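Please keep the sequence and the structure in view while reading.

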Amino acid sequence: MQIAQFNVVFIAALDIAFRNGDDRMTDQVFEMIQGMDTNDVDLQLALQCAPVLAGLKVSNLFIISREQIEKVDEILTATDIDSQLISYQGQRATVLLYRKEALLEYLNQDAVRSFLFEMGYEKLSLRSLFHRFRKRYIFYQQGRGEFPHEMGLFLGYPIEDVIGFIEHKGKDFKHSGYWKVYGNVREKISLFWQFDRAQELLIGQVSKGGSVTLVQPS
């Protein structure tokens with residue numbers, strides 16, 4: 001891969017993916033983005049957030065330049081996806097894109113609620129949850145705290161995989177895709193395949209001048 005061809009925001013997004021176990025880019029996607037403007041917000045959304053845009057996932061982290069945040073909000077007005085700023089780091093912004101009802105339903109599952117309570121999350125309103133998570137994430141970025149493993153829950157990762165990652169310290173996983181898998185492997189492999197197809201579809205649409213928000217759940 002010609003690293004010089006990709007902007008720093010894209011490289012940062014790949015770094016997040018690698019830390020979470022996703023070291024893959026399908027050949028088809030790689031071929032499609034050759035010659036495309038990697039500063040384009042629609043392309044970045046397709047690359048980083050295809051699962052949530054396609055309604056396959058409750059949320060995705062989105063890393064974008066600070067100056068492009070307004071453009072992101074403009075694009076999302078055509079969807080039922082909300083955004084929550086997590087942090088700034090230099091000229092880079094980390095934003096959580098999420099489907100409110102789906103995320104709340106997931107976070108209110110008994111096992112997830114218990115885990116969050118153990119991590120110091122006493123109130124389960126999104127406002128309170130985001131406030132504490134942002135604080136912990138920023139402390140981590142500043143080197144003042146440990147990595148907030150509950151990030152996996154805010155991204156809708158299955159609780160068994162979040163707990164497995166912590167207990168095994170990121171090792172001994174059964175499969176590695178969009179995250180490291182510790183249970184229900186066949187189900188996750190099928191889901192990751194759907195994520196890849198959504199990414200390919202959205203990038204294909206953007207490459208032809210279409211909208212990244214065209215694919216919406218029924």
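Aspartate 161 is buried in this predicted model, with a relative accessible area of 2%. Its side chain meets that of lysine 188 in a salt bridge, at 2.6 Å from N to O. Lysine 188 also counts as buried, at 1% relative accessibility. The pair links distant parts of the chain: aspartate 161 lies in helix α9 (residues 159-167) and lysine 188 in helix α10 (residues 185-207), 27 residues apart. Glu160 belongs to one network with Asp161 and Lys188, joined by salt bridges that share partners.

A search of the whole structure finds 6 salt bridges. The table gives three pairs, including the one above.

| Pair | Closest N and O atoms |
|---|---|
| Arginine 99 and aspartate 80 | 2.2 Å |
| Glutamate 74 and lysine 71 | 4.0 Å |

Arginine 99 and aspartate 80 form a salt bridge that links distant parts of the chain, 19 residues apart. Arginine 99 sits in the loop between β3 (92-98) and α5 (100-107), and aspartate 80 in the loop between α4 and β2 (82-89). Arginine 99 is buried, with a relative accessible area of 8%, whereas aspartate 80 is partly exposed at 48%.

Glutamate 74 and lysine 71 both belong to helix α4 (residues 69-76). Because they are 3 residues apart in that helix, about one helical turn separates them. Glutamate 74 counts as exposed, at 51% relative accessibility, because exposed means over 50%. Lysine 71 counts as partly exposed, at 37%.

Technical notes: Residues are numbered from 1 along each chain as its sequence is written. This is a predicted model: local features need pLDDT of at least 70, side-chain atom pairs count only at pLDDT 80 or more; totals for chains, interfaces and linings use all residues. Side-chain values use heavy atoms; hydrogens and water are left out. Helices (H or I, at least four residues) and strands (E, at least two) are DSSP runs, numbered from the N terminus. Buried means under 20% relative accessible area, exposed over 50%, partly exposed in between (1.4 Å probe, protein chains only).
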